[in-house]
Amino acid sequence: MALVSRGFSGRRRDDDVKLPPGQYLTEDFPVLSAGPTPQVRTERWEFTITTETGEEHRWDWAALRALPAEHFTTDLHCVTKWSKLGTMWEGVSLDTLFADVETTADYALAHSYGGYTTNLPLEDLLDGQAWIAFSYGGEDLTAEHGGPARLLVPHLYLWKSAKWLRGIRLVNEDTPGFWEGVGYHNYGDPWREQRYWGD
Amino acid sequence: MSTNDDHLDANAAGGALRELFSVDLTAAGTLCATCAHSFTFAEALLYARAPGLVGRCPACGEVVFRLVRGPGRAWLDLRGSTCLAIRMPEGR
Ligand SMILES: [Zn+2]
């Protein structure tokens, strides 16, 4: 099948749609999960940013929702090869959450309720590239899609957009996360098809 | 790096590893590194709708193995399992 479509290098019938190499378009929203779906009630939810010096910045649900939120539309690219275009979200930019965080760390490790982790350079979380999203398609984000709130870093493969986000640790040394430690690429740029180690 | 003669190049383990991994690991016993529960791999809770296969301890739910299959390569992470118990045929 891949041989048939390869000549079109990711282009679909609609010439405006260009997908990263090796991706196919899907209309539904597949649910991937490496474990049981955490059921986190917003009354008990909290999010922390911990700096490399151990300084903690903490938000409960009310504090998160009191921050200015943004509506944004973005494309999603999963390493299992589906892409979904034009998804609509609401969330808080990480630039807002990092506004008062003093750090010289280069790396971030996102961690989730349920124990999932993923690592990425801190600079990929800033400058309008990442959000904590709590609404999808105009509805509260469901638990199966990472609610009450998930990380969204849509310029990287979707495994970097940790569902059930609980916190971000800033570190001087890069540490592989849940998938990065077992074959998946440390950075995961879909446009450079960085799926696996060595890609 | 080391000039000591107290260890071998790990190629020397190749024969032993080949023998181990030709067996059906689902029948192998293991111990959860988190809670020390003893079970066979086949009893692990498998999450397969994911970028890889994730096996979790049936007692505590912690990850006991991760297996990622890429083109021409596979990665197996067993850090959640402390020991594999594998039945071996006797009398070669
Ligand atoms: Zn256990």
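**Zinc site and aromatic rings**

B:Cys60 is partly exposed, with a relative accessible area of 33%; that label covers values between buried (under 20%) and exposed (over 50%), using a 1.4 Å probe and protein chains only. This is a predicted model, where local features need pLDDT of at least 70, side-chain atom pairs count only at pLDDT 80 or more, and totals for chains, interfaces and linings use all residues. Residues are numbered from 1 along each chain as its sequence is written, chains are lettered from A and ligands numbered from 1 in the order written, and side-chain values use heavy atoms, without hydrogens and water.

**The zinc ion**

- Four SG atoms coordinate the zinc ion, from B:Cys32, B:Cys35, B:Cys57 and B:Cys60, at 2.3 to 2.4 Å.
- Donors are N, O and S atoms within 2.8 Å of the metal (3.2 Å for Na, K and Ca); water is not among the atoms, so sites may look incomplete.
- The angles between the four donor atoms run from 106 to 113°, so the arrangement is tetrahedral (four donors, all angles between 85 and 135 degrees).
- For comparison, the ideal angle for four tetrahedral donors is 109.5 degrees.
- Along the chain, the donors follow the spacing C-x2-C-x21-C-x2-C.
- B:Cys35 sits in the loop between strands S1 (29–32) and S2 (38–40) of chain B, and B:Cys60 in the loop between strands S4 (53–56) and S5 (63–70), so the pair ties together parts 25 residues apart in sequence.
- Strands are DSSP runs of E with at least two residues, numbered from the N terminus.
- B:Cys35 is partly exposed, at 34% relative accessible area.

**Aromatic pairs**

- Over all chains, the whole structure holds 18 aromatic pairs.
- Rings of Phe, Tyr and Trp (its six-membered ring) pair if their centres lie within 6.5 Å; planes under 30 degrees apart count as stacked, over 60 as edge-to-face and the rest as tilted.
- A:Tyr116 and A:Phe178 have ring centres 5.5 Å apart and planes at 40°, so they form a tilted pair.
- These two residues are 62 residues apart and link distant parts of the chain.
- A:Tyr116 is buried at 14% relative accessibility, and A:Phe178 is buried at 6%.
- A:Trp179 and A:Tyr184 have centres 5.8 Å apart and planes at 80°, so this pair is edge-to-face.
- A:Trp179 is buried at 2%, and A:Tyr184 is buried at 3%.
- Ring pairs link a cluster that includes A:Tyr116, A:Phe178, A:Trp179, A:Tyr184 and B:Trp75.

Terms used
Four donors count as tetrahedral if all angles lie between 85 and 135 degrees; four count as square planar and six as octahedral if opposite donors are over 155 degrees apart and all others between 65 and 115; anything else is irregular. Helices (H or I, at least four residues) and strands (E, at least two) are DSSP runs, numbered from the N terminus.
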